[in-house]
Amino acid sequence: MKKIAFLTSGGDSPGMNAAIRAIVKTCLHYNITPFGIYDGYQGMIEGRGKEMTYADVDNIIQYGGTILGTARSADFKTAEGRKRAYEFLNQNQVDGLIVVGGDGTFTGATILSQENNIPIIGLPGTIDNDIYGTEYTIGFDTALNTVIDAVDKIRDTASSHHRIFFVEVMGRDAGFIALHTALASGADSVLIPETITDIPKLVEEIKSHNKGRRSTIIIVAEGDDEGNALDILTKVKPHLDGYDLRHSVLGHIQRGGSPSALDRKIATRMGSYAVELLIQNKTGLTVGVRGEQLTTCQISEAIKEHGAPDLAYLKLIELLRTK
Ligand code: ATP
């Protein structure tokens with residue numbers, strides 16, 4: 001390993017900069033040239049990248065987003081696009097590639113590796129936490145903290161006005177953010193894509209836990225089977241005459257912001273470990289974390305399987321609900 005290229009791809013997530021910093025510094029420690037590629041696979045196709053130094057990653061650990069930029073590249077899904085992308089790696093004598101992103105990013109790297117026999121390591125970078133083979137993805141913890149801060153604020157106004165709030169959080173296919181933030185913010189109900197939402201049951205729950213209380217908070221994952229927060233509000237409204245119902249969509253604030261201590265730590269450890277794995281001639285792996293331990297998983301398995309939230313959280317939220 002003389003030169004390692006790396007990129008961030010798919011949706012950005014807080015902590016990607018910490019991973020980039022760790023990759024660059026670990027490479028330099030082992031006398032390997034770190035080669036950053038801009039804007040994910042699209043930048044690779046367009047030949048945009050550079051050798052990086054300590055100065056490039058100075059003072060970035062605390063920033064959300066990614067200094068390399070990220071993109072979704074339709075061209076990379078074509079054989080012609082990947083051929084051009086590999087030519088760029090080849091011209092720059094790259095010996096290994098680290099990609100930070102989600103399932104799609106891992107799929108792209110796997111195909112590139114199979115076509116060109118280049119070693120690859122994947123780091124899970126997404127706020128959604130829906131990657132198989134790890135307890136935490138880079139960015140998930142920061143997103144949770146952003147959401148609970150917002151819910152605390154919504155709770156203040158909900159309590160002042162005796163309101164019922166449907167708070168929509170990110171999660172098109174996965175309920176990790178909804179489930180974890182519902183528990184951490186003391187929400188009364190949570191609706192996630194992994195379970196079937198029963199509108200009449202929800203109406204009864206709302207009536208029951210709103211009795212004698214100043215506020216009710218329902219966290220809704222955007223991809224719930226009954227729709228987003230506004231859809232759910234519209235469906236329950238005819239059955240909740242006299243109740244003051246509101247909805248709030250938290251949106252893109254969930255992706256940004258200074259990464260939490262946990263995200264900085266896991267991103268730094270994962271980034272450094274990815275370089276070490278390539279040095280040990282390992283390839284086709286993703287890095288994960290379980291408790292305090294770093295783990296690895298076959299990238300093929302990480303793509304095939306889907307990370308699923310622990311539904312015991314749902315039971316606990318039900319158990320704690322005011323009756
Ligand atoms: P997020 O969880 O934030 O959506 P992701 O990595 O899953 O992250 P995608 O947009 O699905 O995001 O994938 C990122 C990029 O990976 C795509 O824009 C594309 O360039 C590449 N990619 C995805 N699927 C494939 C595929 N089947 N073949 C080649 N490249 C792919």
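Here are legends for a set of close-up views of this predicted model.

**View 1. Ser 260 and the residues around it.** The side chain of Ser 260 makes a polar contact of 2.6 Å with the side chain of Asp 141. Leaving out residues up to four places away in sequence, Ser 260 touches Asp 141, Thr 142 and Asn 145.

**View 2. A nonpolar patch made by four leucines.** Leu 183, Leu 316, Leu 319 and Leu 320 make a nonpolar surface patch of about 370 Å². Helix 11 (residues 312-320) is the biggest giver here, with three residues in the patch. Take Leu 319, which belongs to helix 11: its relative accessible area is 61%, so it counts as exposed.

**View 3. Ala 187 in its loop.** Look for Ala 187 in the loop between helix 6 (176-185) and strand 7 (189-191). Ala 187 has a relative accessibility of 10%, so it goes down as buried. Setting aside neighbours within four places in sequence, its contacts are Arg 155, Ala 182, Ile 217, Ile 219 and Ile 317. Thr 216 is 29 residues from Ala 187 in sequence, yet the two C-alpha atoms are 7.3 Å apart in space.

**View 4. Two loop residues with positive phi.** His 162 has a phi near 55°, a positive value in a residue other than glycine. His 162 lies in the loop that connects helix 5 (140-161) to strand 6 (163-169), and at 45% relative accessibility it is partly exposed. Asn 281 also isn't a glycine, and its phi is positive too, near 60°. That residue is in the loop between helix 9 and strand 10 (285-290). Asn 281 is exposed, with 68% relative accessible area.

**View 5. Salt bridges, pair by pair.** Side chains of opposite charge can pair when their charged atoms come close. Across the whole structure, a search turns up 16 salt bridges. One of them joins Lys 50 and Asp 56, at 2.8 Å from N to O. Both partners are partly exposed: Lys 50 has a relative accessible area of 32%, and Asp 56 is at 23%. Another pairs Arg 246 with Asp 244, where the closest N and O atoms are 3.1 Å apart. Arg 246 is partly exposed at 34%, and Asp 244 is partly exposed at 25%.

View 6. Glu 292 and Arg 269 form a salt bridge, with 3.9 Å between the closest N and O atoms. This pair links distant parts of the chain, 23 residues apart: Glu 292 is in the loop between strand 10 and strand 11 (293-298), while Arg 269 is in helix 9. Glu 292 is exposed at 58% relative accessibility, whereas Arg 269 is partly exposed at 32%. Elsewhere, Asp 39, Glu 46 and Arg 48 are tied together in a network of salt bridges.

View 7. Cys 27 has a relative accessible area of 0% and is buried. Cys 297 is buried as well, at 9% relative accessibility. How many disulfides does the structure hold? The count is zero.

Key. Residues numbered from 1 in each chain as written. Predicted model: local features only at pLDDT ≥ 70, side-chain atom pairs only at ≥ 80, totals over all residues. Heavy atoms only, no water. Polar contact = N/O pair within 3.5 Å; in protein donor to acceptor, adjacent residues only side chain to side chain. Contact = heavy atoms within 4.5 Å. Patch = residues over 30% accessible without salt bridge, like charges linked within 9 Å, V, L, I, M, F, W, Y side chains within 5 Å. Areas by Shrake-Rupley, 256 points an atom, 1.4 Å probe, with all protein chains shown as cover. Salt bridge = Lys/Arg side-chain N within 4 Å of Asp/Glu carboxyl O. Helix = DSSP H or I, 4+ residues; strand = E, 2+ residues; numbered from the N terminus. Buried < 20%, exposed > 50% of the residue type's maximum accessible area, 1.4 Å probe, protein only. Disulfide = S-S within 2.5 Å.
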